[in-house]
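Me: I would like to learn how to read helix packing, strand pairing and a chain interface from a model. Please take the features one at a time.

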Amino acid sequence: MRYSARYLAKRVGFALLTIYLAATADFLLPRLMGGNPAQALASSTGLASPATVAAITKQFGLSNPNWGYQYGLYLWQLVHGNLGISYEYYPSPVSTILLRALPYTVALVLSATVISFAVGWTLGMIGAWRRGGWVDQVGVSIAFGFYAVPYFWLAMMLVFVFAFLLGWFPMGHALPSSITGLTPWQWIAGAVRHGILPVTSLVLTSTAGHLLLMRNNMLTVLSDDYMQLARAKGLKPFSLMFRYAARAAMLPSFTGLMLSLGNVVGGAVVTEIVFSYPGIGLATYNAILSHDYPMIQGAFLMLAVAVVAANLLADLIYPLLDPRVTLQ
Amino acid sequence: MGVARTAEGSERDTVLRVQGLDVDYLTERGVVAAVRDMTFSLRAGEIVGIAGESGCGKSTLAHAVCGLLHPPARIRQGRIELGGQDLVGLSERAMRSIRWERIAIVPQSAMNNLSPVLRIGDQIADAILAHRPSTRPQAREKARALLQMVGMLGHHAASYPHELSGGMRQRAVIAMALALHPEVLVLDEPTTALDVMVQATILGAIRDLRDQLGFAVLLITHDLPLLLQTVDRILVMYGGRLVESGSADGIWRRPRHPYTQALLEAFPPLTGPRRRLNAIQGLPPNLLQPPVGCGFAPRCPLTMDRCEEQRPPWTIQGDAAAACWRLDGEGEA
């Protein structure tokens, strides 16, 4: 094993500390943005009498204005695995709402992340291998063209052209409006059809970064002395490109991939708004608008846990990929 | 040219013959004449050293011989015959099957010759698997035997390059180079980054292996004294051209070209009385505008009028030869 139990314990302890600090920030952030959740809910129902507001405030457990008391209660609930009850969707527990949105978001952002890394790494690798060749020139210019376009505009244009004008894809949502009586295959086909436009929009904007990083790392590795020796050995180009060049060039990009995987549960706010996609991003956005403190805390905390976990995982996997790195 | 410049050796056991080789670098500032009119041959089991200072074209020559030149470098003309087959103009695919199988190279940087993320044994096995029908376990087993042959331990096959010293890494590369029993081993400054003791043991190992396996060695270095104790025959290059050739012993006792003389004086003797070391004054010629006459003339203490105007002829004297006007008229050919 490349890492000691002591090191592992230290890393896990540090991860837990990070999560605690994130949880504290998640408690403070919604309260610092001003406004009043009871007021917000009352206004939306049109029954904003002082008595209603007072009643809602009491119901939400916010009648004690002492943040210390609220913070204690929040932490107490948290260590018992209780994320609280949503204000907006009262009395649904936050965990229920998050778990309902999570599969959609994970399916959307995970597939977009995997595809954009796969495309970016492949084009970056081939582009560097045949520097100045057509893959390099066409790939880099298209990727940067999309990278340069404002994301929300690109997403809206995709909806406008492919959903509204051409009608090839649905305008929004994650599943067909009626899912009763569908065979599993029809269900999957429907989900894929709803996912194509949002995934495409994410892939188009995020590929350029992965492509460029891979391409530059690859160019550096290609000019290393060991590449010349590998070539002198009479290896086939395929083996040279993959086993010798890309194997070493992917190392810096790997950390980026792991961090992106952590962000998957955070959702893609703009994407989910534009495509009316019922994921975590949209839920968080609505929670912020309605001052739904427990929802905001819950969504942010889940993101923090995922990012910290992905980071830890990246640190543990990295030494297996790069023998020069040992964790002690 | 036409005349065989190297007087020695029978035709039969010649494994490598380079004839009239010119290599250019096509740069934005013009054509750099990196190697000009290089002619020499290498017999089976012979160790030939090529000496010269930085930028004299010796590494370019090494890469040309191994078919490893790539743009902006280009072979302008000449032949590189390996066992009678001309390598110049061979397709990349044809060249690939010759590389390592018949000619292997140990490049300059001992520190950076191996992929940092693959085990030593696997990097050796890759070379074997690229040329021989074999399984990876068999190739790994062969790799362990090769490492033992160059004085390492079998378990070093499981090591990564960063776990070994520079000398060990270079031994591993030599083991790798011998994996397929090549006819020619090109060593391009193989010990530059290593200390003197390691240098001596590695070159000693190469001599021993040569005695066992019978491959020919082309050893390229800027270190002339190192060549004197290691090789059978020495070629001295200056400004992309051959200026002198002779036996190690002959060059040590009677260097014919003033440049060779100057190179010998630039290194301290290990035994004998202390003497003042002489650095060679001036700079090597700019190969963007190759000199018309002798390239060494501007730095030469013995220069004459015609040195700068006319290229000196190749003058053969016994088993030695040099290109210097001072020898003109003394020659036999």
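Me: Which residues of H10(A) meet H13(A)?
Reply: This is a predicted model, in which local features need pLDDT of at least 70, side-chain atom pairs count only at pLDDT 80 or more, and totals for chains, interfaces and linings use all residues. Residues are numbered from 1 along each chain as its sequence is written, while chains are lettered from A and ligands numbered from 1 in the order in which they are written. Two residues are in contact if their C-beta atoms, placed from the backbone, lie within 7 Å. On the H10(A) side the residues are A:Leu251, A:Phe254, A:Thr255, A:Met258, A:Leu259, A:Leu261, A:Gly262 and A:Asn263. They meet residues of H13(A) including A:Ala306, A:Ala310, A:Leu313 and A:Leu321. By class, this contact of H10(A) with H13(A) has 12 nonpolar, four polar and no charged residues. Ala, Val, Leu, Ile, Met, Phe, Trp, Tyr, Cys and Pro count as nonpolar, Asp, Glu, Lys and Arg as charged, and the others, Gly among them, as polar.

Me: At what angle do the axes of H10(A) and H13(A) cross?
Reply: Two packed helices are described by the angle between their axes and the distance between the axes. Axes are lines fitted to C-alpha atoms, for helices over the stretch in contact, and angles run from 0 to 180 degrees between N-to-C directions. For H10 (residues 237-263) of chain A and H13(A), the axes come within 8 Å and cross at roughly 155 degrees.

Me: How does H1(A) pass H13(A)?
Reply: In a right-handed crossing. The axes of H1 (residues 5-32) and H13 (residues 293-321), both of chain A, come within 9 Å and cross at roughly 155 degrees, which makes H1(A) roughly antiparallel to H13(A). Among the residues that meet are A:Ala15, A:Ile19 and A:Phe27 in H1(A), with A:Phe300, A:Leu301 and A:Val308 in H13(A). The residues of this contact divide into 14 nonpolar, two polar and three charged.

Me: Which elements does chain A have?
Reply: Helices (H or I, at least four residues) and strands (E, at least two) are DSSP runs, numbered from the N terminus. Chain A has 13 helices and zero strands.

Me: Which residues point each way from E9(B)?
Reply: In a regular strand the side chains alternate between the two faces of the sheet. B:Arg233, B:Leu235 and B:Met237 point one way from E9(B), and B:Ile234, B:Val236 and B:Tyr238 the other way. Six of the six residues of E9 (residues 233-238) of chain B are buried, so the strand is largely enclosed by the rest of the structure. A residue is buried if 20 or more other C-beta atoms lie within 10 Å of its own (exposed if 12 or fewer, partly exposed in between), with C-beta atoms placed from the backbone.

Me: How many bridges join E3(B) to E9(B)?
Reply: Two strands pair if DSSP finds at least two bridges between them. Four bridges join E3 (residues 47-51) of chain B to E9(B), in parallel, and B:Ile50 stands opposite B:Leu235. E9(B) and E10 (residues 241-247) of chain B pair in the antiparallel sense over six bridges.

Me: How many residues of chain B are in contact with chain A?
Reply: 23 residues of chain B are in contact with 18 residues of chain A. H3(B) gives the most to the chain B side, with four residues.

Notes
Parallel < 35°, antiparallel > 145°, perpendicular 65-115°, else oblique. Left-handed = near helix turned anticlockwise from the far one by under 90°.
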